[in-house]
Amino acid sequence: MNSTAHLTWFARHEFRLAWREWLAMMTGGRRRRNRAVIGLLIFAAILHLPAYAVVARYVDLRFPLDPSSLLVLTATIFLSWALMLSQAIESVTRVFYARADLDLIMSSPAKLTNIFSIRIAAIALTVSSMALLLSTPFIDVLVYLGGARWLAGFGVVLAIGLSAAAAAIAVTALLFRLIGPGRTRLVAQIVSAVIGAGFVIALQVVAVLSYGTLSRFAFLTSETAARIAPAPDSLVWWPARASLGDLEIMLLLLAIAFVLLGVVMAVFAPRFADTVARVAANPAAVTQGRARAFRSGSRQQALRRKEFLLLRRDPWLLSQSLMQMLYLLPPALMLWRSFSGTSTAIVLITPVIVMAAGQLAGGLAWLTISGEDAPDLVATAPLPPSRVTRAKVEVVLLAIATVFAPLVAALAFASPGQAVVTAIAITIATASAAAVQLWFRAQAKRSQFRRRQTSSRIATFAEAFSSIGWAATAALVLTIPTAALVSGLLTLLTLAIAWKISPRRG
Amino acid sequence: MTSELSALAVRGLTKRFDRPAVDALDLTVRVGEFYALLGPNGAGKTTTLRMVAGLLRPDAGSVSILGIDALADPVSAKQIMAWVSDEPMIYDKLTPLEYLEFVAGLWGIDPRTSEKSARNLLVSLGLEPHLNERCEGFSKGMRQKVALAGALVHDPRLIILDEPLTGLDALSARHVKGLLQERVRAGCTVIMTTHILEVAERMADRIGVIAAGRLIAEGTLAELREQNGRNDTTLEDMFIALVDTEAAAA
């Protein structure tokens with residue numbers, strides 16, 4: 001096989017792996033390829049409806065726009081880029097640390113620079129494909145209603161996908177050089193998580209501090225932002241102009257993205273082998289625990305202690321918790337502001353907190369209930385399964401109480417009634433998330449946490465709808481109590497349906 | 001033999017997946033016995049032992065552990081039993097001592113007793129230098145030893161091991177075998193599946209051969225030889241002959 005044929009063959013292999021990994025993610029590892037593809041097509045078709053609702057009103061937009069609209073559009077594109085960067089960093093760390101074929105590749109007589117170049121290209125393609133898939137319904141609607149100029153949107157999505165992948169590889173390689181192989185994985189995971197939401201949270205913080213609202217658009221549409229916005233011919237607006245149909249700029253952006261990716265491939269692919277070898281040489285740093293006497297207590301206490309210890313020592317969870325805390329930063333700031341003013345917007349804090357609690361509880365419940373690394377040990381222990389479950393649910397409730405109690409306590413100073421409603425809603429949202437995890441539990445390793453959503457789509461949606469439902473109900477209790485009754489009943493109905501179709505019913 | 005005198009008495013144990021995995025199996029293991037359960041891949045050994053350990057619910061049959069009906073009163077049965085699987089399941093983020101503390105806590109053992117016992121076990125398995133290191137960097141052999149120590153820390157009267165020597169080096173395997181024999185001498189009952197027939201030949205008081213979910217031969221090595229009319233053959237030869245005969249009959 002000549003060099004080109006060899007490269008093509010490896011590229012095919014990489015893309016096949018990427019496709020199967022993606023398919024496994026979509027189907028939860030079950031062999032239902034046809035059903036998954038059909039389901040995906042139906043989902044994509046349905047997605048055109050919300051896409052229509054969101055973008056239909058913008059079909060007549062043309063450059064030049066007013067500064068506020070340009071700012072909102074540019075910020076949205078930048079947010080998409082940040083999310084793709086976050087996903088790409090995750091893919092790169094997986095290639096460095098988790099791909100089982102690295103030993104095989106490293107020991108083969110193939111030219112590693114070429115092989116890793118293809119692998120970088122595969123990461124870029126995967127990230128871009130996912131973005132294209134999600135943006136297609138929106139662009140379809142715009143093209144259908146506004147004409148072919150909107151097709152330029154595909155080029156913009158591809159450009160930001162490729163550039164995000166290039167940036168992710170550079171960031172990870174830089175981290176690797178700065179902090180070494182041992183810590184890169186954890187830090188990259190945290191950076192990836194923070195980047196994804198950091199931009200939105202930063203906008204919210206600015207909005208809270210400046211305008212007393214949690215709306216991220218408040219600052220972007222303000223006069224201050226319009227005043228400091230660059231001139232219309234600035235490079236900053238290129239992505240926005242390209243997405244509005246400026247073909248020339250779109251092609252330029254695409255070319256820049258390709259050049260960026262090419263440079264990253266040229267610079268980093270030759271060093272990839274060295275990086276992978278260094279990771280392999282540091283499989284897991286020896287971490288010394290603290291020697292101390294065995295503690296007494298009940299069997300459930302032993303279980304709870306173990307769960308808390310594992311949660312504390314879980315780097316991924318650390319980054320996830322950090323994310324949840326970051327999401328709480330804007331409402332916390334708003335709470336702080338409300339002490340000095342008479343902001344009625346404080347009511348908005350409750351749904352944000354309840355939503356965050358529900359989401360965090362879902363993750364914690366998965367880790368404690370499904371993510372049991374020694375299921376045989378726990379199942380052969382001399383205590384009834386109900387007591388094991390109870391201990392694990394208690395851990396979730398206690399962890400949520402620890403995280404959210406300070407915020408609720410602060411809220412109690414500003415508005416005692418709202419604090420009570422918030423506390424009750426947090427408890428219900430947490431219990432609901434734990435219940436969903438119990439009904440849909442599927443034994444897995446804790447390391448599979450990132451893929452927990454793929455084990456059951458129904459569970460994922462039930463968990464999300466329950467968090468949103470209880471958040472909305474809590475907000476309505478404070479504003480329109482009658483509507484809260486309807487919202488609460490609908491959320492209960494969602495949970496009842498989830499229970500009815502769950503495999504663990506009864 | 002009455003069930004009171006048996007460490008394990010299994011009657012009519014049945015489990016079906018796509019096909020019968022365990023087919024109305026009767027099995028009796030005496031107190032203080034080292035019993036080796038042999039069989040080809042997919043014979044039903046692990047399924048049998050998982051049902052005994054309470055990890056799988058049988059479709060039919062009964063399981064009695066030292067006179068306790070394990071299906072009616074699983075908690076009491078589990079209190080005196082330990083299970084070690086071929087794939088060591090331990091917590092990466094805990095140290096061996098923390099893992100054993102957790103196991104002792106689950107079995108409700110007094111911490112003063114269990115701490116001493118845990119340290120002794122880990123030291124006897126050659127893990128002394130790693131007592132306070134997190135298990136995430138451990139080799140499979142080291143993990144298997146931690147799992148075994150976990151099974152022994154609550155001083156069970158019946159130990160069930162599924163391929164416990166897989167992945168262990170010669171020295172570690174010797175440590176494990178020594179520890180198990182020591183337990184048997186102390187009156188504990190050990191039931192073990194293994195594909196290393198030499199281990200069964202040298203360690204087991206009695207050997208059971210299972211194929212297609214049924215016990216096709218059982219006894220001491222001498223009894224098995226007698227049953228097969230081959231006084232000078234090795235266990236390996238007998239095992240292959242038994243399994244071949246069973247396969248031909250099927």
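This is a predicted model: local features need pLDDT of at least 70, side-chain atom pairs count only at pLDDT 80 or more; totals for chains, interfaces and linings use all residues.

Trainee: Why is helix H3 of chain B called largely enclosed?

Mentor: A residue is buried if 20 or more other C-beta atoms, placed from the backbone, lie within 10 Å of its own, exposed if 12 or fewer, and partly exposed in between. Eleven of the eleven residues of H3(B), which spans residues 96–106, are buried, and therefore the helix is largely enclosed by the rest of the structure. Those buried residues include Glu98(B) and Glu101(B) as well as Leu97(B) and Phe102(B). Helices (H or I, at least four residues) and strands (E, at least two) are DSSP runs, numbered from the N terminus. Just after H3(B), Gly108(B) takes a positive phi of about 70°.

Trainee: What makes Ala212(B) buried, and what is Glu163(B) by that test?

Mentor: Ala212(B) has 20 other C-beta atoms within 10 Å and is therefore buried, whereas Glu163(B) has 18 and is therefore partly exposed. Ala212(B) has a positive phi of about 50° although it is not a glycine, and Glu163(B), also not a glycine, has a positive phi of about 50°. Ala212(B) is found in the loop between E9 and E10 of chain B, while Glu163(B) lies in the loop between strand E7 (158–162) and helix H6 (170–185) of chain B.

Trainee: What makes E6 and E10 of chain B edge strands?

Mentor: Two strands pair if DSSP finds at least two bridges between them. The open sheet of six strands runs E6-E7-E8-E3-E9-E10 in chain B, with mixed pairing. Strand E6 (81–84) and strand E10 (214–219) each have a single partner strand, so one side of each is left without a neighbour in the sheet.

Trainee: How do you know that E3 and E8 of chain B pair?

Mentor: Strand E3 (residues 34–38) and strand E8 (residues 189–193) of chain B are joined over four bridges, in the parallel sense. Among the residues concerned, Phe34(B) has Val190(B) as its bridge partner in E8(B).

Trainee: Why is a set of 139 residues called a nonpolar core?

Mentor: A nonpolar core is a set of buried Ala, Val, Leu, Ile, Met, Phe, Trp, Tyr and Cys residues joined through C-beta atoms within 7 Å. The largest such core has 139 residues, and those with the most contacts inside it include Val354(A), Ala357(A) and Leu8(B). Its largest share, 14 residues, comes from helix H13 (residues 349–370) of chain A.

Trainee: How many residues does each chain give to the contact between them?

Mentor: Chain A gives 31 residues and chain B gives 33 residues, and the largest share of the side of chain A, six residues, comes from H11(A).

How values were computed: Residues are numbered from 1 along each chain as its sequence is written. Chains are lettered from A and ligands numbered from 1 in the order in which they are written. Two residues are in contact if their C-beta atoms, placed from the backbone, lie within 7 Å.
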